Structure formats: C-alpha cells, structure tokens
Amino acid sequence: MTSSRSTRVHGLDTLRALAVTLVVLHHYTLFVSNDDDTFGWVGRIGWAGVDLFFALSGYLIGNQIFAALASKEGLSLKHFYARRLLRTLPNFWVVLAIYFLWPAFGEDAPLLPLWRYLSFTQNIGLEPGTGFSHSWSLAIEEQFYLLLPALAMLGAALRLRISMAWIVIGGVVIGGMLLRAWLWSAHVDAHKYGIYFYYKLIYYSSLCRLDELVAGVALALLKNRHPQAWAALTRHGKLWLLAGLAVTALAFWRFLDDRYGFAPTVFGYPLLGLGFGLLILAALSDNSGLRELRIPGAAGLALWSYAIYLSHRGVSALGAQVLSTLGYGPQTTVAIVSLLALSVLAGWLLYRLVETPFMRLRERYVPSNQARPMFSRAPR
C-alpha cells in the first residue's frame, strides 16, 4: 500500500487553496463591493490566482502526460481526453445552464452565443462586462488540455530530442513577450480606451497567457526526463521557497505599481510564471517547509476549488442583493463573511452533487491515461 506522504503533497493543496482564495477576493472587490480597498493589495492582485492555477495545471497535466509516455503501456489520447472531459465538463455545464436560465445569477450581463462556451472559445476577443466572463481561463485550460498531449505524442512519434521540447518552451515564452509588446504598442498605448483593448487582446488571449502554463510544463518535463537534475534540485527546498516568494513579490509589486504599463505587460507574466514555478518546485521538494504544510481548511478548498471558481460570482451577486435589502452593504463585515462562506458552500455543493459522481465514473471506467482498455473492470 502506498503511503499518504507519497500520494498527497500538502504544499500543492496549499497553493491551490491560495489560488482560489485570491480569485474570490479579487472578484468580490471587482463585482460585489466595487471597491479595490475592500481587501487592500491582496484584493487588487488577486487576479494572479488564475495564473497560479495555470502553473499548477501545467505541472499536474504535464506530469501525467510525460509519465504515461514513459510507461510501458504508453499514453492514450482517448483515455486522456475522456478523463479530462469527465473532470471539467459536468460542473461547467451545470453552471453554464444556470447562467442561461437564470439571468440574475449572471448579474443580468449579456452572454455570448451558447456555442462559444460549449466550444471553449469564449476567451477569443472577449469584451469586458460579458456574462460568465471568468470562464475565459477555463477556455485557455481546455485548449491547453487538447493540444499538449497531442504535441507530446507527435514529438515522441517523430523521436525528437528532449532539447526540442525545451526550445519550444523557450519559444513560447519569448514569442508571448514579443506578441504582447506589439499588441500593447499598437492597441493599448495608441488608443484612448487602451485598457479595453488590454483585456480583449492581451489579458484574455490564449497566445498571450501561456507563460504560467509552460512554467508548469517545464517542471513536469524536468521531473520526468531529467531525473538526476530533478533529484539534485529537490534537495534544496528552502532555497526554492525563498526564491519563489522573492520573485512572486517582485512580480506583484510591478503589477500593483502599474498593471497596464509596457514592462508589466511584456515581462510581468513570465516573471509570475517563474515565481509560481519556483513555489511549485518548493512544494515538491523535501525539507522546504511548504511540502508538508497543512493549513486547516486548505485541503478542502483545494478539492472544491474548481467548483468554487465556477459558482462564486453568481452566488455572491445573488447573496449581495438579499443582504442589501436587510441593510448589510457589501463592505460590511456581515456581508463579507456571509458571502465568502456562501461561495465556499455553493462550491462544496457543486462538488458533492455533480463533480463527485462523475469522478467516480472516471475512476471506474477510465482509471488511467495509459493505453489500456477504457471500460475494463476487475474480475468478479
């Protein structure tokens, strides 16, 4: 039997819980209280929680793909896609249906055509103020889930050297910086309503937001294809923790100082990717202090984070209306505590009622990403 220490890294739970907390606090200041000072600088930088989710997804999915490719059975695209769809689609479809059937849940904001959400292309040219707009990050992740395993299998089939994978990763980072520099100069700096174009063409863009995803993929590649280097690196957990905190603090400071400026737009996202990548490396390293860190409630928040992310904006909007009629404005302590608790409760319910049954189906019928019979069952 495998020990719990080897199967669960509490540091990754801590980072995932941190990511969803940052996002929820940021969205509260943006869509509920309409006051950037509700949670101070934490609320203003909370959008970076999405980037932390990207880095975690890049590592976790990359690790699954590279490990399966190196196994005797190999990677099955059919199994990989089936597992991803069973993980992501049920929750998403339920919340999407609520948005279309109950306009108040989406703050009566205009929605895109349904096919845009169903095809996970809603982030392309997305205009600020659109209903269910926070699903832009899910679109990028789904596009990533679609492309990465296919590219990895293609590289394996062509027997490309591992060095080519590192060249591709470096090219994605450099290409992203060049693209953001051009878009910023042509559309953000050159127009009166530059912030509108910043969100539409840069912030929501798949090609402009790959930095953190490839940072996670780089860690997974290092772990699975360079085991000796990985073993040497993970012996210095405290160093990576301090470095990750320092780089992340620097990135936060630059974005807080001038979020829409040229330097943060071009260099800030790879800096975030580096900082979050170092924190993930620390969470995977021995003696870092982060790997075995258990914060009360963090494991639950990590487990429910996807469901919380999908549902928190809608339930907060509805709850704020009710509390307002009772005399509790969104900046009162009663409202803040109640709405944050409601966000967690709604996420937990979605996780229990929708996500959990489908995860059981996944473990029963598609237990692995490896090339094996999909609907295999244990002999009676």
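Author: In this predicted model, Arg 259 lies over the face of Tyr 203, at 5.2 Å from the ring centre. Tyr 203 itself belongs to an aromatic cluster, whose members also include Trp 47, Phe 54, Trp 136, Tyr 198 and Tyr 269.

The structure holds 28 aromatic pairs. One of them joins Phe 53 and Tyr 309, and it is edge-to-face because the planes stand at 80°, with the ring centres 6.2 Å apart. This pair links distant parts of the chain, as Phe 53 lies in helix 4 (residues 48-70) and Tyr 309 in helix 14 (residues 298-325), 256 residues apart. Both Phe 53 and Tyr 309 are buried.

The pair of Tyr 99 and Phe 132 is stacked, with 4.4 Å from centre to centre and 15° between the planes. Tyr 99 is part of helix 5 (residues 77-101), whereas Phe 132 is in the loop between helix 6 (114-118) and helix 7 (136-157), so the pair ties together parts that are 33 residues apart in sequence. Tyr 99 is buried, and Phe 132 is buried as well.

How values were computed. Residues are numbered from 1 along each chain as its sequence is written. This is a predicted model: local features need pLDDT of at least 70, side-chain atom pairs count only at pLDDT 80 or more; totals for chains, interfaces and linings use all residues. Side-chain values use heavy atoms; hydrogens and water are left out. Rings of Phe, Tyr and Trp (its six-membered ring) pair if their centres lie within 6.5 Å; planes under 30 degrees apart count as stacked, over 60 as edge-to-face and the rest as tilted. Helices (H or I, at least four residues) and strands (E, at least two) are DSSP runs, numbered from the N terminus. Buried means under 20% relative accessible area, exposed over 50%, partly exposed in between (1.4 Å probe, protein chains only). A charge sits over a ring if NZ of Lys or CZ of Arg is within 6 Å of the ring centre and within 35 degrees of the ring normal.
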